[in-house]
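Please open the structure in your viewer and keep the selection tool at hand. The stops below say what to select next and what is there.

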Amino acid sequence: MEANTRSTGRLPNAFLTPGSSSFMDFLADHSPELLPGNRRLPPVQGAIEAPHGTTIVAATFPGGVVLAGDRRATMGNIIAQRDIEKVFPADEYSAVGIAGTAGLAVEMIKLFQLELEHFEKVEGVQLSLEGKANRLSTMIRGNLGMALQGLAIIPLFAGWDVDREKGRIFSYDVTGGRSEEHGFAATGSGSVFARGSLKKLYREDLTVEQATTLVVQALYDAADDDSATGGPDMARRIYPLVTVITDEGFRKLSESEASEIARAVHERRLEEPDGPRAALL
């Protein structure tokens with residue numbers, strides 16, 4: 001096939017007329033070795049040390065959904081990177097936050113972005129939010145072999161549902177099992193502490209400003225008790241990555257916006273180290 005391509009200067013017909021709206025199915029038919037889950041790892045003994053992303057949180061509000069992540073990547077007990085980005089736009093109305101093996105997770109998200117773009121170009125319409133969540137579930141399941149070797153990817157998916165006109169959140173396990181979360185969600189090593197914070201502070205009538213403050217508070221609480229989660233780094237000016245998805249699409253808060261929220265939370269924590277209190281009744 002390669003020789004024929006070189007001689008004619010044209011791609012094979014199969015590449016010009018894909019029969020499926022799924023780019024992953026197309027790739028599986030023509031170059032299955034390029035799919036992340038099909039790659040062979042060299043034989044190793046003991047645990048594989050690779051940078052891991054940690055805590056991702058999300059919360060809905062009446063006009064959309066907020067998805068945020070801390071900036072630390074760890075490798076065992078070592079901080080591998082202080083300013084990693086863990087939240088990415090999937091398309092115009094959705095985003096993915098990654099926890100787990102950072103390198104494989106970033107590669108999976110790029111493939112997921114291409115999958116959604118391919119579907120839209122072939123079908124002429126965007127995939128529904130439910131359909132996007134299902135496609136991501138299939139990709140995670142395809143990585144199960146890697147996950148069993150310690151290279152797991154556990155993302156959090158959030159977006160604006162154009163049909164239902166509301167923000168929605170989906171969480172996953174290593175087998176690709178998908179669950180819709182209502183109100184808020186967290187994943188990663190600090191998720192237990194972040195979820196506890198969200199549980200006490202979340203309200204259904206949050207404004208977008210309150211929702212962005214809420215997720216930063218949750219990440220702060222996670223960093224307070226989980227060494228793998230990085231809190232706001234004032235000295236290096238590294239702040240949580242916060243994104244907002246509404247009917248106007250995906251928007252990443254600017255560094256100045258994120259720093260303003262993080263600094264406000266930090267200043268308040270100097271007076272109340274354990275954070276805001278929830279009412280007893």
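## A tour by selection

Begin by selecting Glu 165, which is exposed, with a relative accessible area of 59%. In this predicted model, Glu 165 sits in the loop that runs between β9 (156-161) and β10 (166-172).

Next, select helix α4, residues 102-123, whose 22 residues reach 31 Å from the first C-alpha to the last, close to the 32 Å expected at 1.5 Å a residue. Among the buried residues of α4 are Leu 104, Met 108, Phe 112, Glu 115 and Phe 119. Just after the helix, Gly 124 takes a positive phi of about 80 degrees.

Stay with Glu 115, which is buried at a relative accessible area of 2%, and show Arg 135 as well: their side chains meet in a salt bridge (2.7 Å, N to O). This pair links distant parts of the chain, since Glu 115 belongs to helix α4 and Arg 135 to helix α5 (residues 129-142), 20 residues apart.

Now select Asp 161 and Arg 168, whose side chains meet in a salt bridge of 2.6 Å, N to O. Asp 161 counts as buried at 5% relative accessibility, and Arg 168 is buried too, with a relative accessible area of 2%.

For the last stop, select Glu 257 and Arg 251, which meet through their side chains in a salt bridge (3.1 Å, N to O). Here Glu 257 counts as partly exposed at 29% relative accessibility, and Arg 251 counts as partly exposed at 41%.

Definitions and conventions: Residues are numbered from 1 along each chain as its sequence is written. This is a predicted model: local features need pLDDT of at least 70, side-chain atom pairs count only at pLDDT 80 or more; totals for chains, interfaces and linings use all residues. Side-chain values use heavy atoms; hydrogens and water are left out. Helices (H or I, at least four residues) and strands (E, at least two) are DSSP runs, numbered from the N terminus. Buried means under 20% relative accessible area, exposed over 50%, partly exposed in between (1.4 Å probe, protein chains only). The expected span of a helix is 1.5 Å times one less than its number of residues. A salt bridge is a side-chain nitrogen of Lys or Arg within 4 Å of a carboxyl oxygen of Asp or Glu.
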